[in-house]
Amino acid sequence: ANWSDLAERYESDEIYESGTVLSIGGEKEVTIYKNSLPYAGVVSDKPGLRMNDGTEQRENENMLFICLKGRIPVKIKGKCKKGDYIIAQEGGVGKADIYDPHKHDLIGIALTDSNNGLTEVKV
């Protein structure tokens, strides 16, 4: 699949796989998602538009692309159906859930069905 997203590099405390949900916090700018930390975004490995992508950032393997907008594969816990809201969950995954407009952990809307795998999400 071709993923088409706008992404920016952020320094992470570890190297995370594409589709992993991250939080602002930890020893660097971002870390694996925890409910107690603010949602940062999802790791992208093939962004269509890249920001903060200078030579210095490219040389640092911990400078990961984080999706800001667009289509992105997201690791999913449990089942989701096309059209479900995908909410960040502890441990770096998303989960289909009811959207509460006061929550700040909405990743986006599922564009495909999934059963404990990756699903394409519109961020």
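**Exercise 1.** Does E11 count as buried, partly exposed or exposed, and at what relative accessibility? Determine also which salt bridge E11 forms.

*Solution.* The model under study is predicted.
Step 1. Buried means under 20% relative accessible area and exposed means over 50%, with partly exposed in between.
Step 2. The relative accessibility of E11 is 23%, so E11 counts as partly exposed.
Step 3. E11 forms a salt bridge with K28, and the closest N and O atoms are 3.8 Å apart.
Step 4. E11 belongs to strand β1 (residues 5–11), while K28 is in the loop between β2 (21–24) and β3 (30–32), so the pair ties together parts 17 residues apart in sequence.
Step 5. K28 has a relative accessible area of 42% and is therefore partly exposed.

**Exercise 2.** Describe the salt bridge between K75 and E17.

*Solution.* Step 1. The side chains of K75 and E17 meet at 2.7 Å, N to O.
Step 2. This pair links distant parts of the chain, with K75 in strand β6 and E17 in the loop between β1 and β2, 58 residues apart.
Step 3. K75 is partly exposed at 23% relative accessibility, whereas E17 is exposed at 54%.

**Exercise 3.** Which residues are linked with D53 in a network of salt bridges?

*Solution.* Step 1. D53 and R58 meet through their side chains in a salt bridge of 3.3 Å, N to O.
Step 2. The network links R9, D53 and R58.
Step 3. D53 counts as buried at 17% relative accessibility, but R58 counts as exposed at 52%.
Step 4. The structure holds 5 salt bridges.

**Exercise 4.** Locate Y85 and describe the pairing of its strand.

*Solution.* Step 1. Y85 lies in strand β8 (residues 85–89).
Step 2. Over 5 bridges, β8 pairs in the antiparallel sense with strand β9 (residues 93–97), where D97 stands opposite Y85.
Step 3. The two strands form a hairpin with 3 residues between them, and G91 in the turn has a positive phi of about 95°.
Step 4. β8 is also joined by 3 bridges to strand β10 (residues 106–110), again in antiparallel fashion; I87 has L106 as its bridge partner in β10.
Step 5. Y85 is partly exposed at 34% relative accessibility. Together with Y99 and I109, Y85 forms a nonpolar surface patch of about 230 Å² accessible area.

**Exercise 5.** Is D105 buried or exposed, and which residues does D105 touch?

*Solution.* Step 1. D105 is located in the loop between β9 and β10.
Step 2. With 13% relative accessibility, D105 counts as buried.
Step 3. Not counting residues up to four places away in sequence, D105 touches Y33, Y39, I86, I87 and A88.

Notes:
Residues numbered from 1 in each chain as written. Predicted model: local features only at pLDDT ≥ 70, side-chain atom pairs only at ≥ 80, totals over all residues. Heavy atoms only, no water. Patch = residues over 30% accessible without salt bridge, like charges linked within 9 Å, V, L, I, M, F, W, Y side chains within 5 Å. Areas by Shrake-Rupley, 256 points an atom, 1.4 Å probe, with all protein chains shown as cover. Salt bridge = Lys/Arg side-chain N within 4 Å of Asp/Glu carboxyl O. Helix = DSSP H or I, 4+ residues; strand = E, 2+ residues; numbered from the N terminus. Buried < 20%, exposed > 50% of the residue type's maximum accessible area, 1.4 Å probe, protein only. Pairing = 2+ DSSP bridges. Contact = heavy atoms within 4.5 Å.
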